[in-house]
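Colleague: I'd like to learn how to read a model like this one, feature by feature. Could you walk me through it?

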Amino acid sequence: MMIRIALSALLLTAGVAAAAEPTATIHELNRGPAAGETFAYDPALVRIPVGGSVRFEPTDKGHNVVPIRSLWPAGVPSVDVPFNSAATLVFDKAGVYAVQCTPHNGLGMVALIVVGKADMAEFAAKAASAPGLAPKARAKLGVLAGAADRA
Ligand SMILES: [Cu+2]
């Protein structure tokens, strides 16, 4: 499945997915890359150019990918990668895209996709005050935003 995230349209373009290599791949894991970490996207931070793509790989079962709506660029349609499904998302608009796993966001299962040039300080401030975020999710987003800022 390939989902193209555009300013005004969400297109299913499965034919393209077969042909094009994704710019980055994020694995959905029960055990994170860090010692003792559970339920994580790996890597949890990717930077891609505008028009780049991210493949979500259900390496372990029981995870999905949905936007954190308060931390999603304005005007960009929502995405929803169903449980246990591989999907490639194409990002056509610069910005910072925060996603989470529905059952595990409270455990900090979130990821950031930074597309093109982005103001990470502005994003970090938004993440610090965004409503409805679980403490671990908010903390992880802050760490990821800091890492992106230094990259
Ligand atoms: Cu999960």
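Modeller: Leaving aside neighbours within four places in sequence, His63 is in contact with Glu28, Pro58, Phe83, Cys101 and His104. Contact here means that two C-beta atoms, placed from the backbone, lie within 7 Å. Before we go on, this is a predicted model: local features need pLDDT of at least 70, side-chain atom pairs count only at pLDDT 80 or more, and totals for chains, interfaces and linings use all residues. Residues are numbered from 1 along each chain as its sequence is written.

Colleague: Is His63 buried or exposed?

Modeller: The general idea is a neighbour count: 20 or more other C-beta atoms within 10 Å of a residue's own make it buried, 12 or fewer make it exposed, and anything in between is partly exposed, with C-beta atoms placed from the backbone. His63 counts as buried because it has 24 C-beta neighbours inside 10 Å. You'll find His63 in the loop between β6 and β7. Those labels come from DSSP runs, numbered from the N terminus: helices are H or I with at least four residues, strands are E with at least two.

Colleague: Which residues does UniProt list for "binding site"?

Modeller: The unreviewed UniProt entry lists His63, Cys101, His104 and Met109. They span 47 residues in sequence, yet no two of their C-alpha atoms are more than 9.3 Å apart, so they gather at one spot. A word on reading such records: positions use the numbering here, feature names are shortened, and annotations may be inferred rather than shown by experiment.

Colleague: And where is Met109 found?

Modeller: Met109 is in the loop between β9 and β10. Met109 is buried, with 28 other C-beta atoms within 10 Å. Not counting residues up to four places away in sequence, Met109 touches Phe39, Ala40, Tyr41, Gln100, Cys101 and His104.

Colleague: What about phi of Phe39?

Modeller: Most residues other than glycine have a negative phi, and most peptide bonds are trans. Phe39 has a positive phi of about 50° although it is not a glycine. Phe39 belongs to strand β4 and is buried, with 20 other C-beta atoms within 10 Å. Asn84 also has a positive phi, near 60°, but sits in the loop between β7 and β8 and is exposed, with 12 other C-beta atoms within 10 Å.

Colleague: Which residues does a cis peptide bond join?

Modeller: Asp42 and Pro43, with omega about -5°. Pro43 lies in the loop between β4 and β5.

Colleague: Now the strands. How do β3 and β6 pair?

Modeller: Two strands pair if DSSP finds at least two bridges between them. β3 (residues 24-31) and β6 pair in the parallel sense over four bridges, and Ile26 has Phe56 as its bridge partner in β6. On to β8 (residues 87-91): four bridges join this strand to β6, and the two run antiparallel. There, Phe56 has Ala87 as its bridge partner. Four of the five residues of β6 (residues 53-57) are buried.

Colleague: In what order do the strands of the open sheet come?

Modeller: The order is β5-β10-β9-β7, with mixed pairing. β5 (45-48) and β7 (66-67) are the edge strands, each pairing on one side only. β7 pairs with β9 (residues 95-100) in the antiparallel sense over two bridges, and Val66 stands opposite Gln100 in β9.
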